[in-house]
Amino acid sequence: MANVKQADFDIPKNSKLTLYSLQLMDIMKKTDFQNDFNNFVDHLFLDCCAYVKNHLNSEEPVIKLVFIAKQAEYERIEKQSNYYSHQREKPKGQTLGFAMTSNLENVIYLNFEPLTRLMLKNLQTFVFNLAALYIHEILHCYYRSIKDEQETLDLTYKLLGNFLGMSLPKEMTPKASDFYTEDNLFR
Ligand SMILES: [Zn+2]
């Protein structure tokens, strides 16, 4: 997934987004936050997995999550993997994550350098984008080539609003064509 969204709409005080953000704020106040931070991002991932599984009511694919700390390393792996999550589109710019899907195992790679920059700027925006990224890539693992990028984005934002406990403005759903170009090689 290639884009960063600003969480600048009305966020209900009792929403999951607020609760997660407050949790993360407490963690980041600690001098030694690394362990708790790792647990937080793992926990959020498992929550997203459980939510998607529950919504789709279908068998859960095996998914491995890999955080890549350095942008250059992420780009190397992204280039090396001959295909992207959706296998038909190629990203136009920097991506925050992608999924390599297969029958046996799916791996979601996360580009943590831009995500860390986002976190230092605004915790709510970070949580919002991380949840969006997780749900989006998890959906790719379920659907592989059955749904195209736009269908996956539409479903991502539908589930994301419900998951975070708020209604998202319709215009928030990104347009796949803004971020991806079709590449015949991957058809
Ligand atoms: Zn995608």
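Analyst: Happy to! One thing to keep in mind is that this is a predicted model. The protein has seven helices and five strands, and from the N terminus on they run α-α-β-α-β-β-β-α-α-α-α-β. Buried residues make up 30% of its 187 residues.

User: Let's take α1. How do you know that its length fits that of a helix?

Analyst: Helix α1 covers residues 16-29, which is 14 residues. At 1.5 Å a residue they should span 20 Å, and the end C-alpha atoms are 20 Å apart, so expectation and model agree.

User: Which residues of α1 are buried, and what makes them line one face of the helix?

Analyst: The buried residues are Leu17, Tyr20 and Leu24. Looking down the axis of α1, they fall within an arc of 70°, so they line one face. The face turned away from that buried side carries the exposed residues Met25, Asp26 and Lys29.

User: What do the buried residues of α1 pack against?

Analyst: They pack against three helices: α2 (34-56), α5 (123-143) and α6 (149-164).

User: Why are α1 and α5 called oblique to each other?

Analyst: Their axes are 9 Å apart and the packing angle is about 120°. Roughly perpendicular ends at 115 degrees and roughly antiparallel needs over 145, so α1 and α5 are oblique to each other. Their crossing is right-handed. On the α1 side, Leu17, Tyr20, Ser21, Leu24 and Met25 take part, and they meet Leu123, Gln124, Val127 and Phe128 in α5.

User: And why is α2 also called oblique to α5?

Analyst: The axes of α2 and α5 come within 9 Å and cross at roughly 50°. Roughly parallel needs an angle under 35 degrees and roughly perpendicular starts at 65, so α2 is oblique to α5. This crossing, too, is right-handed. From α2, the residues involved are Val41, Leu44, Phe45, Cys48, Cys49, Val52 and Leu56. Their partners in α5 are Leu130, Ala131, Tyr134, Ile135, Ile138, Leu139 and Tyr142.

User: What makes you say that α5 is largely enclosed by the rest of the structure?

Analyst: The count of buried residues does: 17 of the 21 residues of α5 are buried, so the helix is largely enclosed.

User: Why is Cys141 called buried?

Analyst: Cys141 lies in helix α5. A residue needs 20 or more neighbouring C-beta atoms within 10 Å to be buried, and Cys141 has 23, so it counts as buried. Leaving aside residues up to four places away in sequence, Cys141 touches Pro61, Ile63, Ala99, Thr101 and Asn106. Glu105 is 36 residues away from Cys141 in sequence, yet their C-alpha atoms are 8.9 Å apart.

User: How do you know that Phe163 is buried?

Analyst: The cut-off is again 20, and Phe163 has 22 C-beta neighbours inside 10 Å, so it counts as buried. Phe163 lies in helix α6 and touches Lys16, Cys48, Tyr51, Ala131 and Ile135, not counting residues up to four places away in sequence.

User: How much of the contact pattern in the protein comes from residues 24 or more positions apart?

Analyst: Among contacts with a separation of 6 or more, such pairs account for 70%.

User: What is the backbone like at Arg144, and why is that residue called partly exposed?

Analyst: Arg144 follows α5 and sits in the loop between α5 and α6. Its phi is positive, about 45°, although it is not a glycine. Buried needs 20 or more neighbours and exposed means 12 or fewer; Arg144 has 17 inside 10 Å, so it counts as partly exposed.

User: And Asn57: why is that one called exposed?

Analyst: Asn57 has 6 C-beta neighbours inside 10 Å, and exposed means 12 or fewer, so Asn57 counts as exposed. It is found in the loop between α2 and β1 (63-68). Asn57 also has a positive phi, near 50°, in a residue other than glycine.

Definitions and conventions: Residues are numbered from 1 along each chain as its sequence is written. This is a predicted model: local features need pLDDT of at least 70, side-chain atom pairs count only at pLDDT 80 or more; totals for chains, interfaces and linings use all residues. Helices (H or I, at least four residues) and strands (E, at least two) are DSSP runs, numbered from the N terminus. The expected span of a helix is 1.5 Å times one less than its number of residues. The arc is that of the directions from the helix axis to the C-beta atoms. Two residues are in contact if their C-beta atoms, placed from the backbone, lie within 7 Å. Axes are lines fitted to C-alpha atoms, for helices over the stretch in contact, and angles run from 0 to 180 degrees between N-to-C directions. A crossing is left-handed if the near helix is turned anticlockwise from the far one by less than a right angle, and right-handed if clockwise.
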